[in-house]
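Me: Hi! Could you walk me through this one? I have a few quick questions.

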Amino acid sequence: MAAWDTGSVPALPEGRDDVAAPRDASLPETALRGLGQRPFGVYVHVPFCATRCGYCDFNTYTAAELPDSASSPESWLAGLRTELDLAVRVLGEPPRAETVFVGGGTPSLLGADGLAAVLDAVRSTVGLTDDAEVTTESNPESTSPEFFAGIRAAGYTRVSLGMQSAAPHVLATLDRVHTPGRPVAAAKEARAEGFEHVNVDLIYGTPGETTDDLRASLDAVLDAGADHVSAYALIVEDGTAMARKVRSGELPMPDDDVLAADYELVDAALTEAGLRWYEVSNWAASAEARCRHNLIYWRGGDWWGAGPGAHSHVGGVRWWNVKHPARYAGLLAAGESPAAGRELLSVSDQQLERVMLELRLADGLALDVLDDAGQREARRAATEGLLDADALAAGRAVLTDAGRLLADGVVRRLVG
Ligand SMILES: C[S@@+](CC[C@H](N)C(=O)[O-])C[C@H]1O[C@@H](n2cnc3c(N)ncnc32)[C@H](O)[C@@H]1O
Ligand code: SF4
């Protein structure tokens with residue numbers, strides 16, 4: 001029934017590997033034009049995890065998969081510093097970062113000192129605005145009050161914790177290593193150490209999860225006192241341990257109707273508790289609690305993504321780094337760009353992305369971004385109850401509750 005997305009960035013058309021990235025990482029003049037007038041952020045990818053969760057296909061490695069020093073956290077940090085110097089050279093006078101998002105992988109494995117070193121590297125190269133939002137993802141099991149106190153003192157302003165579920169058997173199916181109560185305790189510790197902004201990630205639709213399990217997870221999220229929740233339908237990603245279990249019949253595929261009912265349950269519980277959706281998979285307690293970094297992605301802003309496999313976007317040029325940490329560190333140590341490929345987005349590519357991303361926002365999409373056929377389709381979608389009729393009359397395409405369940409289908413209709 002519905003087409004579901006996951007991850008902080010909805011799946012965009014895959015980058016084509018047909019455009020070689022220049023070895024000096026230079027960008028066309030057209031991309032640099034307007035830099036600083038659009039919001040600018042920095043993403044840092046930490047490619048390390050203690051164990052791999054069976055559903056996850058992020059670019060991350062366990063210690064056993066990275067035996068040599070070329071892919072150690074120290075080599076990674078040296079590479080990161082060199083890449084941030086490269087960013088300053090390529091961007092000329094880069095705007096200071098309004099947001100920094102350290103994601104993974106498991107950034108908390110670096111410890112508070114490691115994360116402080118990461119932020120120092122950003123601060124001393126690109127620089128930060130005075131009110132920058134600085135987020136780090138953290139796995140509940142690798143955090144403690146001292147950890148939160150350390151990263152707060154270092155300048156982090158926001159923490160994102162992977163809870164996924166509060167039900168022990170669901171956590172076991174997901175191969176999560178933390179105990180059910182640990183994410184709630186971690187969120188409370190983060191708040192006690194001065195973090196006003198705490199996000200909790202939930203996954204729903206895991207095989208074997210019952211409605212009561214999901215309700216218990218939502219109760220735990222609310223008990224955690226988070227001011228932001230990201231809730232994703234489980235995606236069975238190709239090549240993962242979970243995909244192999246689904247193929248062999250050991251686990252059933254998540255059912256689309258169950259996923260739709262789960263989404264409605266999540267939305268109702270969070271809305272009742274005062275968190276409002278501002279993107280199809282994201283809810284926040286206030287405007288200040290929204291993730292400014294992800295809003296840069298969703299509104300077509302500029303960001304430099306540093307680290308193995310990180311993606312960047314500046315002025316209609318998108319590029320992505322080599323994935324393996326040893327290759328990443330090696331290229332930078334040799335004075336080369338870590339970019340593996342890049343794509344110059346055509347006007348129609350940019351238009352498609354804009355519709356895909358902005359339509360998922362509660363603010364919606366300006367109707368005049370659509371061509372005549374798209375606007376006709378939007379009027380039809382409003383008569384079917386998928387787009388808000390009042391917003392449409394005021395010139396914006398905004399999903400209704402029913403429309404959110406079919407967001408990707410509505411996007412396909414609007415772009416023809
Ligand atoms: C990049 S992960 C990193 C967070 C951190 N390592 C953790 O697991 O706690 C960010 C989030 O993506 C979501 N995610 C990852 N793989 C997913 C999948 N296959 N289906 C649905 N959500 C997924 C999870 O909610 C996860 O917390
Ligand atoms: S801890 Fe997070 S990044 Fe690492 S494997 Fe699990 S979901 Fe993926």
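Predicted model: local features only at pLDDT ≥ 70, side-chain atom pairs only at ≥ 80, totals over all residues.

Me: Where is glycine 105 found?

Reply: Glycine 105 is in the loop between β2 and α3. For background, most peptide bonds are trans.

Me: Nice. What does α3 look like in numbers, residues and reach?

Reply: Helix α3 covers residues 111–123, so to speak 13 residues, and reaches 18 Å from its first C-alpha to its last. That is close to the 18 Å expected at 1.5 Å a residue.

Me: Which residues of α3 are buried?

Reply: Ala112, Gly114, Leu115, Ala116, Ala117, Val118, Leu119, Ala121 and Val122 are the buried ones in α3. They pack against β1 (40–46), α2 (73–91), β2 (97–104), β3 (128–138) and α4 (145–154).

Me: Changing topic: which residues have a positive phi without being glycine?

Reply: Glutamine 164 is one of them, with a phi of about 70°. Aspartate 175 is another, with phi near 60°. In general, most residues other than glycine have a negative phi.

Me: What about β6, how many of its residues are buried?

Reply: Six of the six residues of strand β6 (residues 228–233) are buried, so the strand is largely enclosed by the rest of the structure. His228, Ser230 and Tyr232 cover one side, while Val229, Ala231 and Ala233 are on the other.

Me: Which strand is joined to β6, and does it run parallel or antiparallel?

Reply: Strand β5 (residues 197–204) is joined to β6 by six bridges, and the two run parallel. Valine 200 is the residue opposite valine 229 in β6.

Me: What is valine 221 in contact with?

Reply: Valine 200 and valine 229 again, together with Met163, Leu202, Ala226 and Leu270, leaving aside neighbours within four places in sequence. Valine 221 itself lies in helix α7 (residues 211–224), and it counts as buried because its relative accessible area is 2%.

Me: Now aspartate 302. Where is it found, and what does its side chain join up with?

Reply: Aspartate 302 is in strand β9 (residues 302–306). Its side chain makes a polar contact of 2.8 Å with the side chain of arginine 38. A polar atom of the aspartate 302 side chain also lies 2.9 Å from the backbone nitrogen of glycine 315.

Me: Is aspartate 302 buried or exposed?

Reply: Aspartate 302 is buried, because its relative accessibility is 0%. Beyond residues up to four places away in sequence, it touches Leu35, Arg38, Pro39, Phe40, Gly41, Ile296, His313, Val314 and Gly315.

Me: Where does glycine 315 sit?

Reply: Glycine 315 is in the turn of the hairpin formed by β10 and β11, with a positive phi of about 50°. The hairpin has two residues between its strands. Strand β10 (residues 311–314) and strand β11 (residues 317–321) pair in the antiparallel sense over four bridges, and histidine 313 has arginine 318 as its bridge partner.

Me: Last one: which other strands form a hairpin with two residues between them?

Reply: β7 and β8 do. Three bridges join strand β7 (residues 276–279) to strand β8 (residues 282–284), running antiparallel, and glutamate 279 is partnered with asparagine 282.

Terms used:
Residues numbered from 1 in each chain as written. Chains lettered and ligands numbered in written order. Heavy atoms only, no water. Pairing = 2+ DSSP bridges. Expected span 1.5 Å × (residues − 1). Buried < 20%, exposed > 50% of the residue type's maximum accessible area, 1.4 Å probe, protein only. Contact = heavy atoms within 4.5 Å. Polar contact = N/O pair within 3.5 Å; in protein donor to acceptor, adjacent residues only side chain to side chain.
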